Amino acid sequence: MVSAMGKTTNSLESILALKLEGKDYYENSAILKDYHLRLCRELFPRDHAIFPKLENLFVQLENDLEKVLTPQNYDEFYDRIVSFGELVSTRIVAEFLCLQGLIVLWQDAREVIYTNSDFRFAKIDWTKTRKSCQEKWKPLLENFPILTQGFIGSDPRGRTTTLGREGSDFTAAILATCLDAGSVTIWKDVPGVLNADPKLFLNTKKI
């Protein structure tokens with residue numbers, strides 16, 4: 001399971017803020033796209049399939065950003081837009097692993113992580129999520145590892161939802177529980193659970 005790259009979620013939030021204020025967000029969107037394309041140019045041959053796949057994703061993002069955004073539909077709009085960070089990053093990582101000869105299956109987390117419609121802070125439908133994980137993904141995992149997104153799910157109408165900021169760790173726990181995994185390993189930029197944010201406080205201690 002992979003999260004968005006770098007500060008992508010923050011960048012998408014900034015784009016949303018500009019759009020809500022009626023300001024030009026196109027430059028910010030272009031910068032975000034170029035960030036991912038530059039990364040891919042360092043990792044892949046120029047004729048690799050990742051480039052049209054990314055182009056399609058960013059066309060989808062641009063089309064969604066053209067839709068009407070109001071304070072009333074902001075939360076639903078937010079979830080649809082910020083989910084692109086995870087969708088783009090997982091495509092890149094999956095294609096790179098395959099390029100290295102490591103076969104993985106890219107899967108959309110929204111097809112198994114089912115939630116209610118509390119956009120930005122969606123609650124898990126545990127019964128439906130466990131059933132879908134067991135039926136859809138467990139058979140696949142018998143042959144190949146799955147690479148998917150953290151943070152995102154879908155509501156009963158198929159609309160994209162998110163589990164709250166930093167929700168990827170929660171997604172890992174959800175999938176582990178629903179797939180009867182023996183353990184969960186989370187790779188972070190800190191050595192473990194700390195007693196404070198090390199970016200804000202000096203001399204933090206590992207709990």
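This report walks through the core, the helix packing and a few individual residues of a predicted model.

## The nonpolar core

Let's start in the middle. The largest nonpolar core holds 42 residues, and L16, L54 and I92 are the ones that touch the most other members. Six helices each supply at least two residues of this core: α1 (8-20), α2 (26-43), α3 (50-65), α4 (74-99), α5 (126-141) and α6 (168-178). The biggest giver is α4, with nine residues. In soluble globular proteins, nonpolar side chains tend to be buried together.

Setting aside residues up to four places away in sequence, L54 touches H36, L37, C40, V88 and I92.

## α4 and its two partners

Two packed helices are described by the angle between their axes and the distance between the axes. For α2 and α4, the angle is about 5 degrees and the axes lie 11 Å apart. Angles under 35 degrees count as roughly parallel, so α2 and α4 are roughly parallel to each other. On the α2 side the contact uses H36, C40 and L43, which meet V88, I92, F96 and L99 of α4. Sorted by class, this contact has six nonpolar residues, one polar residue and no charged residues.

How do α3 and α4 run, roughly parallel or roughly antiparallel to each other? Their axes come within 10 Å and cross at roughly 175 degrees. Since angles over 145 degrees count as roughly antiparallel, α3 and α4 are therefore roughly antiparallel. The residues of α3 in this contact are I50, K53, L54, L57, F58, Q60, L61, D64 and L65, and α4 brings F77, R80, I81, F84, L87, V88, R91, I92 and E95. By class, the contact of α3 with α4 has twelve nonpolar, one polar and five charged residues.

## K53, a partly exposed residue in α3

K53 is found in helix α3. With a relative accessible area of 30%, K53 is partly exposed, because that value falls between the 20% limit for buried and the 50% limit for exposed. Leaving out neighbours within four places in sequence, K53 is in contact with R91 and E95.

## T8 in α1

T8 sits in helix α1. Is T8 buried or exposed? Its relative accessible area is 3%, so T8 is buried. Beyond residues up to four places away in sequence, T8 touches L32, Y35, H36 and G85.

## α5 and its kink

Helix α5 has a kink of about 35 degrees, centred on Q134. The buried residues of α5 are T129, S132, C133 and W137. Among the elements covering these buried residues are β2 (146-147) and α6.

## α6 and S168

The buried residues in α6 are listed as S168, T171, A172, I174, L175, A176 and C178. They pack against α4 and α5. Just after α6, D180 takes a positive phi of about 55 degrees.

S168 belongs to helix α6 and, at 8% relative accessibility, counts as buried. Which residues does S168 contact, leaving aside its neighbours within four places in sequence? They are M1, S3, E86, G150 and F151. One of these, G150, is 18 residues away from S168 in sequence, and the two are 4.0 Å apart in space, C-alpha to C-alpha.

F151 lies in the loop between β2 and β3 (152-154). Its phi is near 85 degrees, a positive value in a residue other than glycine. With a relative accessible area of 3%, F151 is buried, and F151 is one of the contacts of S168 described above.

N203 also has a positive phi in a residue other than glycine, here near 60 degrees. N203 lies in the segment after α6. At 73% relative accessibility, N203 counts as exposed.

Terms used:
Residues are numbered from 1 along each chain as its sequence is written. This is a predicted model: local features need pLDDT of at least 70, side-chain atom pairs count only at pLDDT 80 or more; totals for chains, interfaces and linings use all residues. Side-chain values use heavy atoms; hydrogens and water are left out. A nonpolar core is a set of buried Ala, Val, Leu, Ile, Met, Phe, Trp, Tyr and Cys residues joined through side-chain atoms within 4.5 Å. Buried means under 20% relative accessible area, exposed over 50%, partly exposed in between (1.4 Å probe, protein chains only). Helices (H or I, at least four residues) and strands (E, at least two) are DSSP runs, numbered from the N terminus. Contact means heavy atoms within 4.5 Å. Axes are lines fitted to C-alpha atoms, for helices over the stretch in contact, and angles run from 0 to 180 degrees between N-to-C directions. Angles under 35 degrees count as roughly parallel, over 145 as roughly antiparallel, 65 to 115 as roughly perpendicular and the rest as oblique. Ala, Val, Leu, Ile, Met, Phe, Trp, Tyr, Cys and Pro count as nonpolar, Asp, Glu, Lys and Arg as charged, and the others, Gly among them, as polar. The bend at a residue is the angle between axes fitted to the seven residues ending there and the seven starting there.
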